[in-house]
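I'd like to walk you through one structure, so let me put it on the screen.

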Amino acid sequence: MNYSIETENLSLWYGDFQALIDVNSKIPDGQITSLIGPSGCGKTTLLRCFNRVNERYGNVTTKGKIEVLGKNIYDADVSLPELRKAVGMVFQRPNPLPISVYENVLFGLRIHSPIRSMTRTESDQIVEEALTSVFLWEDLKDNLKMRATSLQLEQQQKLCIARLLPLKPKIILMDEPCSALDAKGTGAVEELMEILAGTYTFLIVTHNMAQARRVSKECIFMFLGELIEHRETQALFETPEHSKTADYVQMRYG
Amino acid sequence: MNALTTRPELRKKIVLLSITVIIEGVAFIFFWSVLRKTAATHMQASSASRTSDALPNLLSDLNLILPMSLLAILLGIVCAFYLEEWLSSTSWIRRFIESQVAFLTGIPSLLYGLLAVIIFFGYAGVFKATRTTFQHNTALFYTEMLIFILMVIPVAIKATQEALRSVETPIRESTYALGANRWQVLTQQVIPRAFPQMLAGGCRAMSQAFAAAALLTGIHIWSHTTGLRGLPDRFMLFLGGALLLSNASSFLTEIYVPASTQQN
């Protein structure tokens, strides 16, 4: 089996506070892996390591090794724009840019390509492809000039996924992508993830254990910065090896 | 964070406060001595070197104020970008500059006007009655320059920082996560959204400058009728009070960052 992301003894500190302790994980290619655990256990921190967005907060110290697509991302020759192009990210609150739907989809591509390198027909086609693959094209094809922030939350979240696609990422990181959505929106996003899972590697952080069980093939349980258990979802939920995992998945706390 | 880790924070705050008080105390005593010496010698100097027509005076004032304020505001904006976008919020350079900016913007422009008078008379006093128009203008130039540095730049820095902060985090986060570099995030998302506020901040900085200039003119007239009797001591009393209070407030708000907000 091939792995998209591998970490070796990854430790991370925010100032004096150690948020990740010797995390060793292997995220397999082309399927959905979910990260579960109580609040503050380092799930989001781990997720944000993989495209190095947590460096922006300052005061962050990282030790250990993270290999994304076979390349150590802390090597000196790694280009952050290229890394983030390959590793897309979807946030907890849908955060489309306050510009039109059309421009939102093209934004990522525009910052990675020289100015005026796309013709109008090319860009039209890219927008149509991206929106079609997230099932938004039918709803929005007449409203492409609409401000993206005025869409429904569910559509906004799908648009946030759609704008990653023209960049042709290999991995998509999702930080509680459904926590701001209602049941219908959650269903729609989950369905979308399952359809896209063959093409992209998904890593999602979720507090919703039912969701982790529904969508993911493998599941990682974290507790106070440590990776406790990483197994097939079914096995992790039904026959947890570790007592902390058992306590959490059977909702004895957390 | 527990109670143990907040103690060094308090210690650091007290050390910084004492350093600033010492620096400002020395400056304060220096100004006081200069003031007392020059206010006494200068009183008789006349402003005969300037023409009494309104228009040439106005034009020469504008000629000085406009280019300088543009320069000062630009410098303030660049400084604010550096503080806000390049330095991390825990960097001590940023916290020190921010505390000083808060301190300088907290002083009412009245006091800057008075400060300008002292410096102007102090400088011009060197030439006494023999000064020429050129020397008069040089004194005016240095005075304006100092006041702009002390007053306009901090206001511009503060206003620009507020404008940059008003651009919501999700916009920056999503742009960075799509692989944009800092320059692209700034030019394509942050500046277009922060521009109106930055412009408003620039106007506020200019208005401060004009208020001080207006005061300067008033004081100038007053000085010819009363000879500024008793001004030095009263001025230093108020300036001292304002410095102390403003300093205390800026330390409370800027230097002391509650431990809970330092970490994500």
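I'll start with the interface between the chains, then turn to a sheet, and finish with a salt bridge inside chain A.

Before anything else, please keep in mind that this is a predicted model.

Okay, the interface. On the chain B side, 19 residues are in contact, and they meet 26 residues of chain A. How much area is buried between chain B and chain A? The value comes out at about 2,000 Å², and carbon and sulfur atoms give 59% of that.

What about charges? Between chain B and chain A the count is 1 salt bridge. The partners are A:R48 and B:E173, with 3.2 Å between the closest N and O atoms.

Which elements of chain B give two or more residues to the side that touches chain A? They are α6, residues 169-177, and α7, residues 182-226. The largest share comes from α6(B), with 8 residues. By residue type, that side of chain B splits into 6 nonpolar, 10 polar and 3 charged.

Now let's move to the sheet. Chain A has an open sheet of 6 strands with mixed pairing, and the order is β6-β7-β8-β3-β9-β10. At the edges you'll find β6 (87-90) and β10 (226-232) of chain A; each has a single partner strand, so one side of each has no neighbour in the sheet. From one strand to the next, the twist averages 20°.

If you'd like to zoom in on a strand pair, take β9 of chain A, residues 218-223, and β10(A). These two run antiparallel and are joined by 6 bridges. As a landmark, look for A:F221, which stands opposite A:E229 in β10(A).

Last stop: salt bridges in general. Over all chains, the structure holds 18 of them. One that I'd like to show you is between the side chains of A:E190 and A:R214, at 2.7 Å from N to O.

Terms used:
Residues numbered from 1 in each chain as written. Chains lettered and ligands numbered in written order. Predicted model: local features only at pLDDT ≥ 70, side-chain atom pairs only at ≥ 80, totals over all residues. Heavy atoms only, no water. Contact = heavy atoms within 4.5 Å. Buried area = accessible area lost by both parts, 1.4 Å probe. Salt bridge = Lys/Arg side-chain N within 4 Å of Asp/Glu carboxyl O. Helix = DSSP H or I, 4+ residues; strand = E, 2+ residues; numbered from the N terminus. Nonpolar A, V, L, I, M, F, W, Y, C, P; charged D, E, K, R; others polar. Pairing = 2+ DSSP bridges. Axes fitted to C-alpha atoms, helices over the stretch in contact; angles between N-to-C directions.
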